[in-house]
Amino acid sequence: MRMVIIGGGFAGLQLARRLNNKEGVEVLLIDRFNYHQFQPLFYQVATGGLDASNISFPLRKVFHDSKNVRFRLAEVKNIDANSNTVQTDIGDFEYDTLVLATGAGTNFFGNSNLEKFAYPMKSTSEALQLRHHLIHNFEEALNAKSEEDLQQMMNIVVVGAGPTGVEVSGTLAEMKNKVLPKDYPELDFNNMQIFLLEGSNHTLLNMSEKSREQSERYLRDLGVNVQLNTIVKDYDGRFVTLTNGEKISTRTVIWAAGIKGNVPKGVNPELVVRGNRIKVDRYNKVQGYYNVYAIGDISYMETPKYPNGHPQLANVAINQGKTLAENILKQVRNKQEALTEFEYKDKGSMATVGRHKAVVDMPKPKIHFGGLLAWFVWMGLHLVLILGVKNRLQIFLNWFYKYFTFDQSLRLLFEDFYKNRKEGN
Ligand SMILES: Cc1cc2nc3c(=O)[nH]c(=O)nc-3n(C[C@H](O)[C@H](O)[C@H](O)COP(=O)(O)OP(=O)(O)OC[C@H]3O[C@@H](n4cnc5c(N)ncnc54)[C@H](O)[C@@H]3O)c2cc1C
């Protein structure tokens, strides 16, 4: 079987690794980046805590000794299901079986101003762009022309209080308290304001009541200005306008408020549902196709336990990759073998706000805990999940160093790379 997998994220990479060196299947893994990205730690790259290479792993290295998995660095442009062909910027590839594992991108809900001026965090390069902007902003603040300009540069607005928004605003608050005053002694960081805007009435809406309350308290203790039931209407690069008419003056808006599936062209639009996800059956097969599957964030599967689809989480993506690999191998071995339906076993969720401040919810037995223990559990789990021993060691050393020095070490500006990124900023 010639299989093409589009996307080397959590789902696609898991599938390719499970099919590695297995007989009867030739795999071509395509991704627009030549590395796997560990998205849960993007915010630490953006805030100078980790180097981008610490959370990225070369895809070719995963398959060094592989006899049947090959990689192509390419952007997929179109799928032609009639001729079983994937069209990319480097040429066409034919398949017997196609797996879409293209994940999700940022959803600006059609607002072109937000798209132009706000900073998303959906790829390593976007995290680096945000890091550059944050640091550059304070350099510029030293030469602010007026009090208004200065305050605009000192204000940071984070939109969306899910795990990413909570984690990034908590880290920024810690930087404000411990790091930035040392770097910029001429600036008064009592004037720096970090706003966390959330449309619903809770931070960490998808977690337990206790985690919601605790995370909000942690954020407020750190000095974050949490504003719930607050919806952003527009942003012109200088002022955020809220739906209630209020304005917040800022040069920095971090957009952590929504995602939408990266659906390649050529997929029947009738199969694309809420959140731009592709409707699949219990075997991750795209409805209406006999040889096309979708796994991870891009897929939408309804089950009795998850009637509105699964949460878009790494663990779901990894397990869909695993189950599909099992089913593919069954089909290759013996077409009569019964296939396994995908069933998600929730192992819990967690988020960190800052030093000794994290929240964990476990489903069975139903337990919530927070504080120091949760913080260590959060760090331990992320260290286990990151790909590569070297990355694990480097992250551990970075965290260890930061724990004792209260410092984020990576605040360098590599100007040329970022020049002209955004007009008006
Ligand atoms: C900032 C952030 C924090 C997160 N934190 C957590 C967390 O703490 N816990 C958790 O469980 N989940 C977290 N998530 C969600 C988690 O990262 C996703 O659920 C997971 O990455 C989904 O895996 P995937 O394989 O479906 O997609 P991805 O991991 O996004 O991989 C998709 C891949 O497809 C490639 N691709 C897309 N389109 C094309 C194309 N046209 N051509 C070629 N290649 C293409 C991309 O380059 C990418 O490598 C977080 C996400 C973000 C953005």
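Reply: Two strands pair if DSSP finds at least two bridges between them. Strands (E, at least two residues) and helices (H or I, at least four) are DSSP runs, numbered from the N terminus. This is a predicted model, in which local features need pLDDT of at least 70, side-chain atom pairs count only at pLDDT 80 or more, and totals for chains, interfaces and linings use all residues. Residues are numbered from 1 along each chain as its sequence is written.

Me: In which sense do β11 and β12 pair?
Reply: Strand β11 (residues 155-159) pairs with strand β12 (residues 193-197) in the parallel sense, over five bridges.

Me: And which residue is the bridge partner of Ile156 in β12?
Reply: That partner is Ile194.

Me: What do β11, α7 and β12 make?
Reply: They make a right-handed β-α-β unit. A crossover is right-handed if, with the strands pointing away from the viewer, the path from the first strand over the helix to the second runs clockwise.

Me: New topic: what is the order of the open sheet of three strands?
Reply: The order is β23-β24-β25, with antiparallel pairing. β23 (349-354) and β25 (367-370) are at the edges with a single partner strand each, so one side of each has no neighbour in the sheet.
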